[in-house]
Amino acid sequence: MGTMDSGEENPIVKIAQGLVRGTKSKTIYDEDYYSFEGIPYGQPPLGELRFKAPLPAHGWDGVKDCYEFTGKPLQKNYQGEIEGTEDCLYLNVYVKRLNGNGNLPVLVWIYGGAFNTGSCIKPKYGPDYFMQEDVILVTFNYRVSALGFLSFKDPSLNVPGNAGLKDQVLALKWVKQNIGQFGGDHENITLFGESAGAASVHFMMCTDQTKGLFHKAICMSGCILNNWALTKDTTDLPYRLACELGYEGTDNDREVLEYLQKCPANELLHMKKLNEEVILKGGFFVFVPSMEPYDNPEAVVRKPLLESMKTSWGNAIPLIIGGTSFEGLVRYPQVKHKPELLELCKTEPQVLLPTELLVGKTEEETQSLAKVLYDLYFQGKEDDEKQFLMGYLDHSSFYSIWHDLHRVIRSRKELATAPTYQYLFDFDSPTFNHHRKMFCGTDIEKGVAHADDLAYLFYSFYSWKLEKESQEHLTLRRMIELWVQFAKTSNPNCQYTKDSEWKTISQSDLNQWLRISNDVRFEELFKEFQHKLDVWNSLYGNDLL
């Protein structure tokens with residue numbers, strides 16, 4: 001335990017790099033905790049380090065004040081504004097008490113944002129709810145967009161891609177090495193994330209780079225199989241990006257890299273044309289994780305995804321996995337901005353199919369598969385604009401999130417030696433499901449959207465102090481206790497499941513989950529939901545896993 005002056009307002013902790021000074025804080029519910037924000041875990045990835053795997057942060061003399069951190073990775077936010085900085089490799093540690101003697105469970109959070117937005121800052125991921133429990137919470141930044149995921153095929157350049165994922169590996173190594181100094185148990189670390197953060201958790205479970213760095217995992221609305229979580233089209237992207245920014249040279253990797261490393265960082269976010277191409281293919285952004293083109297010491301993604309899942313060391317650790325009941329609402333801003341996406345479903349129904357299903361198929365076979373999905377989501381709705389839209393968003397729930405989660409769960413049923421717990425977040429608050437409001441405004445006022453569960457885990461800029469008698473506060477307490485109990489014991493069952501035990505997929509079946517709604521019950525999947533999964537499974541046949 002490296003704590004000094006633990007009873008003071010500004011405790012000092014000795015970590016591998018030097019001394020850090022934190023501050024005593026209060027949650028929204030007036031409970032004390034200790035906060036250490038903005039601890040560097042990687043060297044600033046600037047100049048020749050741009051696009052490359054991160055290097056561990058240097059040490060320092062004296063005491064580094066870690067009172068507040070507001071730095072985001074450089075990104076273009078959803079309002080189209082550029083914010084953040086390239087110098088972004090920092091993390092936050094929040095501790096309930098500083099006399100943990102190395103036995104406090106540790107939860108490490110990876111944020112989502114489609115690998116192109118997001119940050120670990122407290123105004124977005126406030127620790128208030130977790131700090132009602134005897135745990136440590138760690139949040140960290142990683143590089144996003146081109147700065148995090150640009151890939152060159154020339155091995156001599158040492159830019160194979162996935163720098164953002166390699167940031168995550170380095171952050172986990174830092175936690176393993178240092179968390180004991182804050183009272184955390186370095187042998188009881190839970191990695192959890194949502195959306196791209198959940199896909200990141202899954203990537204971390206599937207790479208040997210992280211073996212032993214965490215001991216259980218929670219994937220909320222994301223996995224490595226999601227179509228937006230990995231791109232196969234990387235070879236010409238650096239050159240095309242450079243040309244979009246004014247490059248006039250040839251398609252030579254070294255010359256393109258030199259040009260992009262000298263560009264003002266903000267300019268690297270101007271890629272509207274490239275992103276729009278991806279949207280038409282069912283994705284969100286062009287720069288996301290990719291298959292690294294050659295072996296390298298820090299490689300995270302070198303094997304086909306299904307093979308990675310089968311050989312994953314993560315099959316030996318407990319997992320909670322699930323999502324929200326109307327994930328597809330996340331697509332509403334896209335389709336509102338580009339209504340031609342709806343028309344494409346009618347004129348080119350093959351866009352309804354994941355690209356992996358198109359490989360090796362004749363045009364007739366492709367059309368036949370596409371008709372299956374078209375009939376499932378749109379039959380009889382062509383003349384009703386609202387119903388057709390809702391069919392599109394329902395399709396997106398399965399296309400973008402749920403069917404791939406199901407494939408991972410099936411794989412775990414077959415291969416995992418540790419427990420797997422499946423859940424559905426289905427609490428539809430009229431006031432506190434903030435992401436539905438962000439995505440849909442008042443156009444759609446019901447449905448539990450992608451990321452709506454975040455408001456019940458983190459105090460955020462859109463939150464307010466909930467009345468303790470409210471259903472929203474009860475849902476918050478349920479989520480925190482389930483997640484924390486899992487972090488403590490590898491089994492999420494707690495007082496809120498005493499009347500309806502959350503069983504593993506081995507104890508029950510693939511068609512049962514814990515449904516977190518106005519009440520919490522372990523029950524059968526909705527029949528319509530199960531039917532849609534069955535249809536998707538039939539499209540894949542023997543290629544499902």
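**Notebook: cysteines and charged pairs**

The model I am reading is a predicted one.

I then checked what Lys-96 pairs with. Its side chain meets that of Glu-31 in a salt bridge, at 3.2 Å from N to O. These two residues are 65 apart in the chain: Lys-96 sits in the loop between strands E9 (90–95) and E10 (104–110), and Glu-31 in the loop between strands E4 (23–26) and E5 (32–40). I put Glu-31 down as partly exposed, at 25% relative accessibility.

I counted salt bridges over the structure and got 25. One of them joins Asp-65 and Arg-21, with the closest N and O atoms 2.4 Å apart. Asp-65 belongs to strand E6 (residues 63–65) and Arg-21 to strand E3 (residues 18–21), 44 residues apart. Asp-65 is partly exposed at 45%, and Arg-21 is partly exposed at 22%.

Lys-338 and Glu-340 also form a salt bridge, at 3.4 Å from N to O. I noted Lys-338 as buried at 12% and Glu-340 as partly exposed at 38%. I also found Lys-24, Lys-26 and Asp-32 joined into one network by salt bridges that share partners.

Last, I searched the whole structure for disulfides and found zero. Cys-88 is in no disulfide either, and its nearest cysteine sulfur, in Cys-120, is 9.1 Å away. I noted Cys-66 as buried at 0% and Cys-88 as buried at 1%.

Definitions and conventions. Residues are numbered from 1 along each chain as its sequence is written. This is a predicted model: local features need pLDDT of at least 70, side-chain atom pairs count only at pLDDT 80 or more; totals for chains, interfaces and linings use all residues. Side-chain values use heavy atoms; hydrogens and water are left out. A disulfide is a pair of cysteine sulfur atoms within 2.5 Å. Buried means under 20% relative accessible area, exposed over 50%, partly exposed in between (1.4 Å probe, protein chains only). A salt bridge is a side-chain nitrogen of Lys or Arg within 4 Å of a carboxyl oxygen of Asp or Glu. Helices (H or I, at least four residues) and strands (E, at least two) are DSSP runs, numbered from the N terminus.
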